[in-house]
Amino acid sequence: MVPPRAKGSPPMPALVRLARLLLLTLCLCPGIAPAARAGGGDSFATLPYLAETDPDAALERIARLTGNIDPASGFDPRAAFDLYRMAASLMIEAGQVEQAAQAIAKLADFAVHYRDTLGFDPVPIYGEAAALLRDTGQPTAARDTLISMYGEQRSAGATPEALGQTARDIADLSAALGMATPDLPDPLAAGDFQTIPVYYFTDRGQSGDPEAPLFYAPGRGEPEWGIATVSRPKQEGAGDVSKLRAVQPMAQPEWLDRLRSAPEQGALVYVPGASTRFEQGARRAALIAQALGGAERAILFSWPASGSTLDYMADSAATRTSARQLARMLEGLAAQPGPARPHLLARGMGAQVLADALELIAARRGEGGPEQQAIFGQLIFAIPDMDAERFRDLLPVLRPLVQRITLYTSQDDSQLALARQIYGPALRAGWGGEATLTDPAVDSVDLAAPGAEMPGPEILDAEILSADAVLADIAMLLWKDAPPARRCGLVATPGEDQPVWRWQDGLCAHPDLIRALARLRQEDVQTQDLALEVLRAVVPDADLRDRLAPVVSRLLLR
């Protein structure tokens, strides 16, 4: 907690300048935002400590970090959001609540614009801003904020009770201002939404808040198992408006019984990266499960990452302890009866957690006698934030445990931006371009392919695991254990000792491909004739269908 400023203290010059900067930059078009580039990793990573010990200096540093508006050079929306969020908190502690309320309202708009990158639910941010705006005598701004909040609640399928409360608050403010109550659209029908169960295992502690998005805190706690329920619209819209609706902790035996109740389904364990809250991880896991057609049950391992890029170093320190917990869970999961081996997917710093867990499992298997067959299915590292040499050294240890290892890399991923500043020339395993790591034990797929038809803009402007091209590629891996040459549009280019695979066909990013793959997997199609029937049912465009047919045919080759 930032120490409160003594009553009667004059506003800090730095704070006043920062407040103006906050409102100026956040009022601009959301596509034109501060670059939020630190002059060095240390100046960014040490901000939480500085905020505790010297709030004035912290605000000065935030002003420097956000001071250059340079959209041409790119920026990390996560870092920008976290810097502004910290600044607003410091302003509140310093008594500048009126300006902080305005900034938080703009932050909610920012979260809407970059929803697929940030992964935040903007509704609580709008709610916080509206309350502060009311308390600081800004009723018109509070009313406008609540109207935006109502729209977000409705699109995410909020209950009629929640929408009714927001509508009443809007009506009360309208009456107090002498304004007409706006016509608000009716709630969407429950049938417009679907619910997706996400099994979870976590070593986070409970927060004490009963609301599902806030149920688990950033800090560490005793291991817990449970099922989270995520709702998503049936009709695809602009961005991810999913909502974590419920969290149901349960004892491990009951959790395993629930998993065993559908033996025909496989399992995909998802380990998210740094700065990912429980709610964000659950929603991402649900999106992946839905895109894969429900063939795998999503299992989230939510380790106690903080939820803020400003706590990068603290997140890094938390990985080793969580790896031991994950190893125990994975061993228990692999021991369950069933024809399908669990698949493993890690994003960013989550790769460090997963790799360390698998190293522990490999060590225990080695002590038990001769090598056995693989106990896991696919092992997928999505732009891993871990040392490249450490990653390479672990590959011989990890390879016997799994069917295949796939490495996705990128030279433009925002989650590696801070790591680049902190570690300097020391390569991270997820770095792409000319630095893409290659090894005989891994298939390396570089996502940043300048000059290619795709997938650059879609993948790099949003979260990698929401990009249709990547989800389609993962679907092919999980379904057919397909090598890169049999998957959509991947072309080999020379690497250091093995090829690097890059996409050269924009067809792979078409949403109809991921929909067709989901249907093919649901019906367990094994023949070319049946596959063509599914394509005719799913893809209405005949020309597109003809282009997709060779992709599916190649995938079905044995």
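In which strand is valine 230 found? Valine 230 belongs to strand β2, which covers residues 216–233. The model described here is a predicted one.

**Valine 230**

- Valine 230 has a relative accessibility of 0%, and because buried means under 20%, this residue counts as buried.
- Although valine 230 and alanine 282 are separated by 52 residues in sequence, their C-alpha atoms are 7.4 Å apart in space.
- When neighbours within four places in sequence are left aside, valine 230 is in contact with Gln194, Thr195, Ile196, Val198, Ser242, Lys243, Leu244, Ala282, Arg283 and Ala286.

**Serine 231**

- Serine 231 also lies in strand β2.
- Its relative accessibility is 6%, so serine 231 counts as buried.
- A polar contact of 3.0 Å joins the side chain of serine 231 to the side chain of arginine 245.
- Beyond its neighbours within four places in sequence, serine 231 is in contact with Ala156, Gln194, Thr195, Ser242, Lys243 and Arg245.

**The sheet**

- Strand β2 is part of an open sheet of 11 strands with mixed pairing, in the order β3-β2-β1-β5-β4-β6-β7-β8-β9-β11-β10.
- The edge strands of this sheet are β3 (243–250) and β10 (490–493), each of which pairs on one side only.
- On average, neighbouring strands of the sheet are turned by 25 degrees against each other, with direction ignored.
- Strand β1 (residues 193–206) pairs with strand β5 (residues 296–302) in the parallel sense, over four bridges.
- Phenylalanine 201 has phenylalanine 301, in β5, as its bridge partner.

**The nonpolar cores**

- In soluble globular proteins, nonpolar side chains tend to be buried together.
- The largest nonpolar core of this model contains 139 residues, and those with the most contacts inside it are Leu330, Leu354, Leu358, Phe381 and Tyr408.
- Helix α18 (residues 468–480) gives the most to this core, contributing 10 residues.
- This core lies between domain 1 (44–187) and domain 2 (191–366 + 374–556), because both domains give residues to it.
- Leaving aside neighbours within four places in sequence, leucine 354 is in contact with Val271, Leu326, Leu330, Leu344, Leu345, Ala346, Leu379 and Phe381.

Methods. Residues numbered from 1 in each chain as written. Predicted model: local features only at pLDDT ≥ 70, side-chain atom pairs only at ≥ 80, totals over all residues. Heavy atoms only, no water. Helix = DSSP H or I, 4+ residues; strand = E, 2+ residues; numbered from the N terminus. Buried < 20%, exposed > 50% of the residue type's maximum accessible area, 1.4 Å probe, protein only. Contact = heavy atoms within 4.5 Å. Polar contact = N/O pair within 3.5 Å; in protein donor to acceptor, adjacent residues only side chain to side chain. Pairing = 2+ DSSP bridges. Axes fitted to C-alpha atoms, helices over the stretch in contact; angles between N-to-C directions. Core = buried A, V, L, I, M, F, W, Y, C linked by side-chain atoms within 4.5 Å. Domains from an automatic or database assignment.
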